[in-house]
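Student: I have a structure open and would like to learn how to read it. Can we go through some features one by one?

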Amino acid sequence: MIRLVLWRLAQLPLVLLAVYTLTFVLAWLIPGSPLEKSEGRRPPVEVQAAMESRYNLDDPWTFYWSYLDQATGVAWIAGDRDGPVFNFGPSLRHENWSVNEILAGQLPVSMTVGLAAIALAIVLGVIAGVIGGLRPGTHLDLVTHTLSVIGVSIPAFVVGTVLLLAGGVWTGLFPVGGWGSFSHIVLPATALSLPFAAYIARLTRTGVIDTMQSDHVRTARAKGLPDRTVVLRHVLPNALLPVVSYLGPATAAAMTGSFVIEKVFAIPGLGMHFVDAVLGKDLTMIMGVVLVYATLLVLMNLLVDVLYAWLDPRVRTARGT
Amino acid sequence: MIRLLIPLLLLVLVLIVLHEFDDPAPPADFVFASENEVFTLDPQRMSWLADMRLGYGLFEGLTAWNTNDFSMRGALASSWDTSDDGLVWTFHLRPDARWSNDDPVTAHDVRWSWRRLLLPDTAADYSNLLFPVKGAKAFWQWRSDQLAGATPPDPDAIDDAFDTMVALVAQDDHTLRIELERPVPWLADQLAFAPLLPVHRPTVEGWPDSIDTSDGWHTVEPPPWPDRDFVNIDPDTGRLEQSPLWARPDTWVSNGPYVLTHWRYRRDIRLAANPEYHGANGDMPQSVLVRSYPDPNTALLAFASGEVDWLTGVSADCRTDLLTERAQGTRDDVHARPAFGTDYFLFNCRPTLPDGRINPFADPRVRQAFALATDKQAIVDHVTRLAEPVTGAFTPAESIPGYTPPAGLGYDVEQADALLTQAGWIDRDADGVREDADGRPFPTVDLLYTTSSARFRRMAAALRDQWKRSLGVDAQLVGQDSKFFGADRRAGNFMVARGRWYGDWGDPTTFLNMCRSTNGNNDSGLRSDQFDAAMHAADIATDPADRMAKLTLAEQVLMEHEVPLLPICQVVEVTMFDPGRFDGMTAHPRLVQYLHEVRPREEGP
């Protein structure tokens, strides 16, 4: 287990370098300059040129290395202690903010919504899956199944707008968009959770049906254990293993921010602003977000692997821990 | 089973931690949703309406507008005198004006802020606003040359150069004398504009707290450069690198009705009444919250639920429906207002396109013909549907006191046909296609628009259909993302391209300068000696009425003969607020809303 963790951590710098290089090439190819405004007045040519040279926008090679130097903390270790350890520089489009500040402000928001959505999705999905899986083919199964298909298929902006109308404008139960209190989380987390909940429901249902037919469940029932104990102690732990392995990528996907959800609910998260950064060719912002996301993804996957090993008795005993 | 619950518990735990970490902004007296996000609160760096709106709340310039008719009044300056030749303006500053840290606001503050605007180091979009001041352009050029030189210049040389070159003198703490190169009758109007708002030097440069500036910073010796937190000197170029970090709540100092108390990136900005402001009163909103809604439909829902008091812009999807409801009398909270801007399509006046193709629009008669073949009223009635006033002129009507724009070209298909024929584009072989004398068919017109809004696509499609019908010319729509669009438009890589221009100051030059041969925003490539001469004649006119008449003539030359652009209509802004709850909202086309002039009404029964 420890070997696995160390091995993954050793890979991290290589993964990041590859991601950084690829993203840099693609981002550099975006036409235009982040310093120019698409419409309206332009600063004098000399001013523009001076700004470009200040941010190394006239030389991809210098930009690539100096940014890498600052962002990875090498510059800090080497003695340039003006900025933070991992210095992603100023945002080129939003000159009043450093990318570090933006990440510090936005990432927790995206993470909160994402985690809340996943928590909700687990509860909804597992309940629906168990109901369907225990009574396959009944009306109840059909209902949960239909609901999960709907959950996957309706686009987020429709769900979001309907939730805002119903929960915000008509009933006044929840605020219409924005951020800052627990009630702000409810609607976006619900909207974001639906597709995940639907998928978890289907995984759970299949898992429950399979496990119900397995030998150890038949034995448990033959012993005369009540249904509730059989399901909780013997069926669910096995049936939910596929759900756990799905949770890794799902949590990462939910946490890195949904462009549509963030936009519809006016949540100051990273997903939307990352898209804007790409459209505006905000190089420092693009590179900073990509590096942080990549790190986060690698760590999330690692966490899920550890969790999985700990949950699954077969994996545990096989490793002899 | 417990093991299974643990991931879920972990999730909930992280959620709680993340949530406790957050710090919600308290409610405010006046909440508005800005249709565009705020980029900067540094006046000299401002170039967007959303930024300037807050700028006017946070800072006070020498003059201010009466927002009902856009006449001028004193603000930081209580009065001013003008010499008979219009070249020397003397502003008398209020002696009781204070910065929010209790320092006095002096003529030195204004002078230093304008110097900051002029320095190429600041990279301000609006440096050229000050070029009419005697010596200002020379100073800008001097500094640009210095920065371009091989050896890094001495930053302290700026002081001497500015003192000797620029005719901007603080005669005493409260008197500022401005000498101009040539008369600028609209100077008072221009001085109210956001980039000319004064800033507090010790704050902007980040002077150490140990320096006592309570008699004004000009009475003390500035700290050495390395002691100033927010300005660095680039060792390679000698450029002053100014950090924007002073414009934050914890370091904030300003002289306007409000001070900044919260600012979170793309989330919210909160202002609180500035107790040091000379005009402080209890009637204005004591706190203002600006919320950011990236999706205009959500902003509309937030308005509907009462969370937002004022929507500065309304989602394009809903404008027409809301205005219909207003016309039917079922709602009174939506307001359509003609703005200080013009929607237009630009003709490429260059002889050839960058790819070598001939450009039929190089001939002014062709441009006139296309303008005459456009039924603007039909576009407004059936395509944009906001009842915009159609226009043949570039400068919006009734927006500048004393100025009457020319009529421009109307809708006249016969004349359009005659002009195209005159220009040599005739259907020579009766195949329904116009050819020139060499038998080359009229090329398909590239009609560029930005895909950012359906409005422009629909307008472009209407033009294509109208030109096909009335001139028999084919056009193809080229929709582009704004980055590509901007690059192509600047490079002249188009035949016709959409555009929108908002005026900055209360004078027709704010529109007409764009078409001068030497202007950096002249994307049409027009080089018109006749128009340049007409503008020059207005430049040197001394009598204000005569000058305005000359500008009308210049715009007539532009819009009826040269026609580098086809104006469609005045921009209409749609905003929402409940007139029963708030008073003091401006309806003038310049659309400057001073936040401290908003008056919340007592809630009725």
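Student: Let me begin where the chains meet. How many residues of chain B are in contact with chain A?

Tutor: In this predicted model, 49 residues of chain B are in contact with 58 residues of chain A.

Student: Which elements give two or more residues to that side of chain B?

Tutor: They are α1 (2-21), α4 (136-148), β12 (287-292), α8 (296-304) and α14 (482-491) of chain B. The largest share comes from α1(B), with eleven residues.

Student: What classes of residue make up the side of chain B that touches chain A?

Tutor: That side has 26 nonpolar, twelve polar and eleven charged residues.

Student: Now chain A itself. How many helices and strands are there in chain A?

Tutor: Chain A has 15 helices and zero strands. Its C-alpha trace spans about 85 × 55 × 30 Å along its principal axes. Of its 321 residues, 41% count as buried. Now take contacts in chain A between residues at least 6 apart in sequence: 69% of them join residues at least 24 apart.

Student: How do I describe two packed helices?

Tutor: Give the angle between their axes and the distance between the axes. Here is a case. Helix α5 (residues 99-134) of chain A packs with helix α13 (residues 270-279) of chain A at an angle of about 130 degrees. Their axes are 8 Å apart. An angle from 65 to 115 would count as roughly perpendicular, and one over 145 as roughly antiparallel. The pair α5(A) and α13(A) is therefore oblique.

Student: Which residues of α5(A) and α13(A) meet?

Tutor: A:Q106, A:L107 and A:S110 in α5(A) meet A:L270, A:G271 and A:H273 in α13(A). By class, this contact has two nonpolar, four polar and no charged residues.

Student: Next, strands. Where do side chains point in a regular strand?

Tutor: They alternate between the two faces of the sheet. Look at strand β7 (residues 175-179) of chain B. B:L176 and B:I178 point to one face and are buried.

Student: Which strands pair with β7(B)?

Tutor: Strand β5 (residues 88-93) of chain B pairs with β7(B) in the antiparallel sense, over five bridges. Here B:F91 stands opposite B:L176. Strand β6 (residues 168-172) of chain B also runs antiparallel to β7(B), joined by four bridges. There, B:V169 stands opposite B:R177.

Student: How many residues does the hairpin between β6(B) and β7(B) pass through?

Tutor: The hairpin joins β6(B) to β7(B) through two residues.

Key: Residues numbered from 1 in each chain as written. Chains lettered and ligands numbered in written order. Predicted model: local features only at pLDDT ≥ 70, side-chain atom pairs only at ≥ 80, totals over all residues. Axes fitted to C-alpha atoms, helices over the stretch in contact; angles between N-to-C directions. Parallel < 35°, antiparallel > 145°, perpendicular 65-115°, else oblique. Contact = placed C-beta atoms within 7 Å. Nonpolar A, V, L, I, M, F, W, Y, C, P; charged D, E, K, R; others polar. Buried ≥ 20, exposed ≤ 12 C-beta atoms within 10 Å, placed from the backbone. Pairing = 2+ DSSP bridges.
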